[in-house]
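Hi,

Here is the structure I promised to pass on. Have a look first, and my notes follow below.

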Amino acid sequence: MRELFENTPPDDPIEATRRSMRTMLPRRFYETAATAALADGHAVRLDDKPVRTPARRVLAAPTQALAEAIAAEWQAQKDVIDPAKMPLTRLANAIIDGVAEAPGPVAAEIAKYLASDLVFYRSGTPAGLVERQARHWNPILDWARQALSADFKLGEGVVHVAQPEAALAAARATIPAEPWRLGAVHAITTLTGSALIALAMARGALAADAAWQAAHVDEDWNMAQWGRDAVAMARRDFRFAEFSAAATVLSCCP
């Protein structure tokens with residue numbers, strides 16, 4: 001079980017499928033997935049036995065709602081246990097084994113995204129894409145300006161735009177310190193390419209569906225013009241499951 005979760009690629013559904021074909025998935029060996037209260041949280045248990053992370057820590061969440069969501073993922077497994085279909089468990093493992101032990105580098109990576117955030121860089125043409133970017137991204141920048149006192153600058157194309165240090169510092173100050181929320185914000189940042197989208201979600205200023213749309217303005221525009229690619233859509237569906245898991249962590253860990 002440990003090797004199964006360690007080796008599952010975080011963002012490549014094609015490779016996940018190939019790996020599943022190479023590696024025999026373990027058969028479901030338990031009847032019921034449930035939760036149990038601990039002194040410092042709520043553990044996930046299978047037939048009243050603890051579940052362990054790849055680093056052999058107890059799989060437990062800080063709130064009952066989150067533990068129940070993780071347990072539901074285990075309960076939903078059918079004949080075999082497929083980690084590719086358990087994004088919340090994978091995220092929980094990463095937070096427990098990684099983020100909680102070393103939050104500094106995780107916060108630093110989020111801060112790096114702030115310096116070149118997705119929503120800063122706009123297209124000059126065509127008019128439809130320009131309008132769509134403004135419609136989805138300007139409210140996020142308005143929120144940063146009003147709620148965080150962070151006034152960021154816009155650029156056109158891919159030429160780097162240096163951001164005011166005061167704006168960067170104000171946004172960095174809102175990066176969560178609590179490991180579960182920090183891990184969720186990091187996941188959303190890397191999945192969307194925008195730390196501001198992730199921070200707005202964490203602060204309750206941006207709903208998950210609006211955040212996902214904002215992260216895919218360019219991609220959706222291109223698909224509208226040229227059609228959908230099956231492989232690209234499979235990757236996107238996999239990433240959406242990861243994104244939804246991170247959104248669940250934020251909603252369950254206020």
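Helix H3 covers residues 64–75, and its 12 residues should span 16 Å at 1.5 Å a residue, which agrees with the 16 Å between its end C-alpha atoms. (The expected span is 1.5 Å times one less than the number of residues; helices are DSSP runs of H or I with at least four residues, strands runs of E with at least two, numbered from the N terminus.) Buried in H3 (under 20% relative accessible area, with a 1.4 Å probe and protein chains only) are Leu66, Ala67, Ile70, Ala71, Glu73 and Trp74. Down the axis of H3 these buried residues fall within an arc of 150°, so they line one face of the helix; the arc is taken from the directions from the helix axis to the C-beta atoms.

A word on the source: this is a predicted model, where local features need pLDDT of at least 70 and side-chain atom pairs pLDDT 80 or more, while totals for chains, interfaces and linings use all residues. Residues are numbered from 1 along each chain as its sequence is written, and side-chain values use heavy atoms, without hydrogens and water.

Next, Arg28 sits in the loop between helix H2 (13–22) and strand E1 (33–38). Arg28 has a relative accessible area of 21%, so it counts as partly exposed (between buried, under 20%, and exposed, over 50%). Beyond its neighbours within four places in sequence, Arg28 is in contact (heavy atoms within 4.5 Å) with Trp74, Gln75, Gln77, Lys78, Asp79, Val80 and Ile81.

Best wishes
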